[in-house]
Amino acid sequence: MVRVLFVCLGNICRSPMAEAIFRDFVEREQLEKKIQVDSCGTGDWHLGESPHSGTREILEQQGISCDGMESRLLTADDYERFDYMVAMDQNNYNSLTESNNQEKAAIVKLMEFVEDIEEEDIPDPYYTGDFDQTYRLVSEGCHGLLQFLKEKHHLD
Ligand code: 4NP
């Protein structure tokens, strides 16, 4: 089993969107017994909340479910439980590496998995309001990440 944790600041906009999109890709390829997906935030302002309305609306338009998802905080256990901790931007990446005291999980940024990237970080739609841009970048990143995991872990 490969375990993937998407990480952003509030766990209401970008990382729940990534979790929902990536799970949809995984299910379409019938890899749900081989890849486990979750998300969390490094900040505690929105604990227990559903994804932001902007995230919910764009996922609904695309026919992707985010039912039952609730914001949760990053924990020390996550570094042991997950193989990949996938940051949405440099700020999230720095938060992850600063608190890291073990070497199990690979800490990466989602846009590393996109060739010819226009952005290295996924801009925060909580501030930009541009959930379409977030959806496009997160989808590209999730597509690249899944290809990478399939090859690296021989998941086909
Ligand atoms: P996210 O966006 O990290 O993509 O979930 C944010 C959500 C909430 C806040 C910041 C970013 N906030 O400051 O409350």
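Author: Arg14 lies in helix α1, where helices (H or I, at least four residues) and strands (E, at least two) are DSSP runs, numbered from the N terminus. The model is a predicted one, in which local features need pLDDT of at least 70 and side-chain atom pairs count only at pLDDT 80 or more, while totals for chains, interfaces and linings use all residues. Residues are numbered from 1 along each chain as its sequence is written, and side-chain values use heavy atoms, with hydrogens and water left out.

Arg14 is buried, at a relative accessible area of 1%; buried means under 20% relative accessible area, exposed over 50%, and partly exposed in between (1.4 Å probe, protein chains only). Leaving aside neighbours within four places in sequence, the residues in contact with Arg14 are Cys8, Leu9, Met88, Asp89, Asn92, Ile122, Pro123, Asp124, Pro125 and Thr134. Contact here means heavy atoms within 4.5 Å.

Cys8 belongs to strand β1 and is buried, with a relative accessible area of 2%. Beyond its neighbours within four places in sequence, Cys8 is in contact with Arg14, Ser15, Pro16, Cys40, Gly41, Thr42, Met88 and Asn92. Within the sheet, Cys8 stands opposite Gly41 in β2.

A disulfide is a pair of cysteine sulfur atoms within 2.5 Å, and a search of the whole structure finds 0 of them. The cysteine sulfur closest to that of Cys8 is in Cys13, and because the two are 6.9 Å apart, they are too far from each other for a bond. Cys13 is likewise buried, at 5% relative accessibility.

The sheet that contains β1 is open and has 4 strands in the order β2-β1-β3-β4, with parallel pairing. Two strands pair if DSSP finds at least two bridges between them; β1 and β2 pair in the parallel sense over 7 bridges. The edges are formed by β2 and β4 (106-109), each with a single partner strand, so one side of each has no neighbour in the sheet. From one strand to the next, the twist averages 25°. Axes are lines fitted to C-alpha atoms, for helices over the stretch in contact, and angles run from 0 to 180 degrees between N-to-C directions.

The helix that carries Arg14 also packs on this sheet: α1 touches β1 and β2, and its direction makes about 170° with that of β2. Helix α6 packs on the sheet as well, touching β1, β2 and β3, with its direction at about 155° to that of β1.

These elements also contribute to the nonpolar interior. A nonpolar core is a set of buried Ala, Val, Leu, Ile, Met, Phe, Trp, Tyr and Cys residues joined through side-chain atoms within 4.5 Å. The largest has 38 residues, and Val4, Phe6, Phe22, Ile35 and Leu145 have the most contacts inside it. Two or more residues of this core come from each of β1 (2-8), α1 (14-28), β2 (35-41), α2 (53-61), β3 (84-87) and α6 (131-152). Its largest share, 8 residues, is given by α6. A second, separate core of 11 residues includes Val7, Cys40, Met85 and Ile107.

Cys40 and Met85 are also among the contacts of Asp78, together with Leu5, Arg72 and Leu73, neighbours within four places in sequence being left aside. Asp78 sits in helix α3 (residues 78-81) and counts as buried because its relative accessibility is 0%.

Two loop residues provide a contrast in setting. Gln30, in the loop between α1 and β2, has a positive phi near 55° although it is not glycine, and it counts as exposed at 69% relative accessibility. Asp116, in the loop between β4 and α5 (125-128), has a positive phi of about 50° and is exposed, at 79% relative accessibility.
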